[in-house]
Amino acid sequence: MASTFFQWARSPAAREYFFSTHFWGPVANWGLPIAALSDLKKDEEMISGNMTTTLALYSMVFMRFAWRVQPRNYLLFACHATNATAQLVQDARFVNYWYMGGKEKKLQDAPPVEGKVTEAVQDLKEKVAKA
């Protein structure tokens, strides 16, 4: 199997592929899914619902394009399938956080805030209550 690949890699067809937009377009496009995958760890408050939905739809359209173009561009298809999946997960996180009680649950589960500012506010409340 490996020897077949190396034979193909030395052929003119391989050079034609590696110097074409069928290869470099998807390689450059992998920045989108890589960024989307890294964003999965970020706070839900930072997610833009409009942009995430737009990117998911964009990737779905180009998945179809990559499949329909001749010859099929599997590298572009994989890139957009990865991006569409990551964006749909982000969309689910967005909807859960803003519309299904995720924000309230997060605030409820947050540890109480302590520190000098909190102590000063508490002291002020006590002084106001005495007055």
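**Notes on the predicted model**

1. The axes of helix α6 (residues 74–99) and helix α7 (residues 102–109) come within 4 Å of each other and cross at roughly 70°, where axes are lines fitted to C-alpha atoms, for helices over the stretch in contact, and angles run from 0 to 180 degrees between N-to-C directions. That makes α6 roughly perpendicular to α7, since angles of 65 to 115 degrees are given that name, while those under 35 count as roughly parallel, those over 145 as roughly antiparallel and the rest as oblique. On the α6 side the contact is made by N96, Y97 and W98, and on the α7 side by G102, K103 and K106, with contact meaning heavy atoms within 4.5 Å. By class, this contact of α6 with α7 has two nonpolar, two polar and two charged residues; Ala, Val, Leu, Ile, Met, Phe, Trp, Tyr, Cys and Pro count as nonpolar, Asp, Glu, Lys and Arg as charged, and the others, Gly among them, as polar.

2. This is a predicted model, in which local features need pLDDT of at least 70 and side-chain atom pairs count only at pLDDT 80 or more, whereas totals for chains, interfaces and linings use all residues. Residues are numbered from 1 along each chain as its sequence is written, and side-chain values use heavy atoms, with hydrogens and water left out.

3. The axes of helix α5 (residues 49–68) and α6 come within 8 Å and cross at roughly 155°, which makes α5 roughly antiparallel to α6. The crossing of α5 past α6 is left-handed, a term used if the near helix is turned anticlockwise from the far one by less than a right angle, right-handed being the clockwise case. The residues of the contact of α5 with α6 divide into 16 nonpolar, eight polar and one charged.

4. For helix α4 (residues 31–39) and α6, the axes come within 8 Å and cross at roughly 30°, which makes α4 roughly parallel to α6. α4 also passes α6 in a left-handed crossing. Here L32, P33, A36, L37 and D39 in α4 meet C79, T82, N83, A86, Q87, Q90 and R93 in α6, and by class this contact of α4 with α6 has six nonpolar, four polar and two charged residues.

5. The protein chain has eight helices and zero strands, helices (H or I, at least four residues) and strands (E, at least two) being DSSP runs numbered from the N terminus. Its radius of gyration is 25 Å, well over the 14 Å that the globule rule gives for 131 residues, so the protein chain is more spread out than a compact globule; the radius is taken over C-alpha atoms, and the rule is 2.2 Å times the number of residues to the power 0.38. Taken along the principal axes, the C-alpha atoms of the protein chain fill a box of roughly 90 × 25 × 25 Å.

6. Of the 131 residues of the protein chain, 23% count as buried, meaning under 20% relative accessible area, with exposed over 50% and partly exposed in between (1.4 Å probe, protein chains only). Among the contacts in the protein chain with a separation of 6 or more, residues 24 or more positions apart account for 73%.

7. Two loop positions may be inspected individually. A cis peptide bond joins Q70 and P71, with omega about -5°, and P71 is found in the loop between α5 and α6. E114 lies in the loop between α7 and α8 (116–130) and is exposed, with a relative accessible area of 71%.
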